[in-house]
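Please read these notes with the sequence and the model side by side. Each point can be checked on its own.

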Amino acid sequence: MSPDDLDPPGFCPQGFWLNERGLPDMDLDAVTKQSVLHAKPDGLILQYGTAGFRTKAEHLDHVMFRMGLLAVLRSKQTKSAIGVMVTASHNPEEDNGVKLVDPLGEMLAASWEEHATCLANAEEEHLPRVLVDISEKAAVDLHQDAFVVIGRDTRPSSERLSQSVIDGVTVLGGQFHDYGLLTTPQLHYMVFCRNSKGQYGKATVEGYYQKLSSAFVELTKQAFCSGDDRRTLRVDCANGIGALKLAEMRHYFSQGLSVQLFNDGTKGKLNHLCGADFVKSHQKPPQGIEMRANERCCSFDGDADRIVYYYHDADGQFHLIDGDKIATLISSFLKELLLEIGDGLSLGVVQTAYANGSSTRYLEEVMKVPVYCTKTGVKHLHHKAQEFDIGVYFEANGHGTVLFSKAAETKIKQLAKESEDEKRKAAKMLESIIDLFNQTIGDAISDMLVIEAILALKGLTVQQWDALYTDLPNRQLKVKVADRQVISTTDAERQVVKPPGLQEAINDLVKKYRLSRAFVRPSGTEDIVRVYAEADSQENTDSLAYEVSLAVFQLAGGIGERPQRGF
Ligand code: 16G
Ligand code: MG
């Protein structure tokens, strides 16, 4: 069929969406045919949540296919490469998930999250209509080429599911590059590299290793001349993708740091009794790691976008160094360098309600750094951090990074060339730090290298770092309710608006304890309500957490067993 035989632009009877040259842009017939092979289970409704879709892997085939379709539309609309990552991060091995990555390597724009939810839940027969609707609403230029980059974690289901994404991309005529196994932050990096035409770095795994490692080596040049004994780090890789990537990468920076990998996936199950989420939420070491007194260890999560540190002291007591303390270490180092260069660049720290009260107090009162609180979820923190010349953001769970504005980067680069001695030295360090941080998203490997560099340069032991401030005892609990959406919150999730009476009840409970704080919010990733409490002692914290859980259970439609005292 030649273009001349085709109808004018529009939706033609054969199901083609025609462009003004009369060539099909969306072959909706082919989509329908392919979609049958990726059929949506009846009655299944899923939401594009805080970090994309996430559920049992066996329910996700249709979602993957459809996210392949959506990525093509988003790519055409933004005239950029779009990323698709197949992972369920720290969830159990049986789960899986998918998220889209926007052109600058950030999380998908909120308006497109709605399109994603619509598309994922459309009944088979409505799929073509929904695709056309999205294209119209989002003013997608269907003549554009589309390019999608795909990555996946090590879950047994991930390879098959990423093939379904590819099916979706190809049926809409999109081009793609399948990177295969990648950490989530590596996929974000690839997207930004491609869209910045290589300015951000080379869009290969090798390019990522080289960029980060050379920044690390450059930054730590002075610190590592005197063979010191703090250069070994034990890493719990959660039996996930972090192990593979760190094993590939470690020889690039081995002069500066030797990493010993545990839970590398050769035996254990992904995220099972290990990984950053386990360590943070249980406040205990993972299984499968050999710890020695006062030696630093860290844990990645299943897709290597979170990191927490910890150690055992000489008495065998476990000390957790979470995202808040990581943010504090990094901010104080950056602040020192900024004072050196004296150029009035602004520094801000962004946290969520989960940040330990002691960390916020330390940052504001001791370090005199402005601190902001946003809703949970990387996209909220990331956007707030973009408001500063240098924005440090970390969630207590260990997800975070530092963003440098274009203006700050230019200024720093200029000072690194032109200024004198001390000032130049500080500017050069900042220059390396800009390269060492993954500026698209929190990245366990990149954060680990930054932390190791700072500890080495400052000659700090893990205990000295830990001693910056003492965490208030804290506790997180989960409550099952019939519908978690009955809870709505305000003030960066620190206050409940609905159901009526719940916030008043929390206020009354909090008043009973010293240095206390508590809040509740519906989880964005699990069908539960989360409760957070902190107070002056662990006992009081646990009581407060229990009492607040009970209030949620009673006032927000709790189901199943009532919360119990004692943990
Ligand atoms: C996701 C978020 C993480 C957040 C967590 C909260 C991203 C990439 N990840 O893992 O930032 O802390 O959800 O989970 O945004 P929750 O809503 O179940 O508490
Ligand atoms: Mg993760």
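**Notes on the predicted model**

1. Start with the second largest cavity, whose volume is about 30 Å³. A cavity is a set of points, on a 1 Å grid over the protein atoms alone, where a 1.4 Å probe fits but cannot get out. Grid points are joined across faces, edges and corners, and a volume is the space filled by probe spheres set on the points. By this rule there are two cavities of 30 Å³ or more.

2. Conventions come next. This is a predicted model, in which local features need pLDDT of at least 70 and side-chain atom pairs count only at pLDDT 80 or more, while totals for chains, interfaces and linings use all residues. Residues are numbered from 1 along each chain as its sequence is written, chains are lettered from A and ligands numbered from 1 in the order in which they are written, and side-chain values use heavy atoms, with hydrogens and water left out.

3. Which residues line the second largest cavity? They are Tyr48, Thr50, Ala51, Gly52, Met107, Leu108, Glu113 and Lys379, where a lining residue has an atom within 4 Å of a point. By class, four are nonpolar, two polar and two charged. Here Ala, Val, Leu, Ile, Met, Phe, Trp, Tyr, Cys and Pro count as nonpolar, Asp, Glu, Lys and Arg as charged, and the others, Gly among them, as polar.

4. The second largest pocket has a volume of about 520 Å³. A pocket is an open set of points with protein on both sides within 12 Å along at least five of seven lines. Its lining has 22 residues, and Phe192, Phe404, Lys406, Glu409 and Gln439 are the closest to the centre. The lining divides into eight nonpolar, seven polar and seven charged residues.

5. Four elements each supply at least two residues of that pocket lining: α12 (378-385), β17 (400-404), α13 (406-418) and α14 (421-436). The largest share, three residues, comes from α13. Helices (H or I, at least four residues) and strands (E, at least two) are DSSP runs, numbered from the N terminus.

6. What holds the magnesium ion (ligand 2) on the protein side? Its protein donors are Ser89 (OG), Asp301 (OD), Asp303 (OD) and Asp305 (OD), at 2.0 to 2.2 Å. Donors are N, O and S atoms within 2.8 Å of the metal (3.2 Å for Na, K and Ca); water is not among the atoms, so sites may look incomplete. Along the chain the donors follow the spacing S-x211-D-x1-D-x1-D. Ser89, in the loop between β5 (81-86) and β6 (95-101), and Asp301, in the loop between β11 (297-300) and β12 (307-312), are 212 residues apart, and the pair links distant parts of the chain.

7. An oxygen atom of ligand 1 is 2.4 Å from a side-chain N or O atom of Glu395. For a polar side-chain atom of Thr525, the distance to an oxygen atom of the ligand is 2.5 Å. For a side-chain N or O atom of Arg530, it is 2.6 Å.

8. Most residues other than glycine have a negative phi, and most peptide bonds are trans. Lys79, in the loop between α2 (61-78) and β5, has a positive phi near 55 degrees. Asn239, in the loop between β9 (232-236) and α8 (241-249), also has a phi near 55 degrees. Lys79 is exposed, because its relative accessibility is 54%, whereas Asn239 is buried, because its value is 8%. The peptide bond from Lys498 to Pro499 is cis, with omega near 0 degrees; Pro499 is in the loop between β20 (495-498) and α17 (502-511).

9. Ala276 and Asn397 are 121 residues apart along the chain, with their C-alpha atoms separated by 7.5 Å. Ile445 and Ile506 are 61 residues apart in sequence and 39 Å apart in space, C-alpha to C-alpha. Ala276 lies in helix α9 (residues 276-282) and Ile445 in helix α15 (residues 444-458).

Methods. Buried means under 20% relative accessible area, exposed over 50%, partly exposed in between (1.4 Å probe, protein chains only). A polar contact is a pair of N or O atoms within 3.5 Å; within protein, one must be able to donate a hydrogen and the other to accept it, and residues adjacent in sequence count only if both atoms are side-chain atoms.
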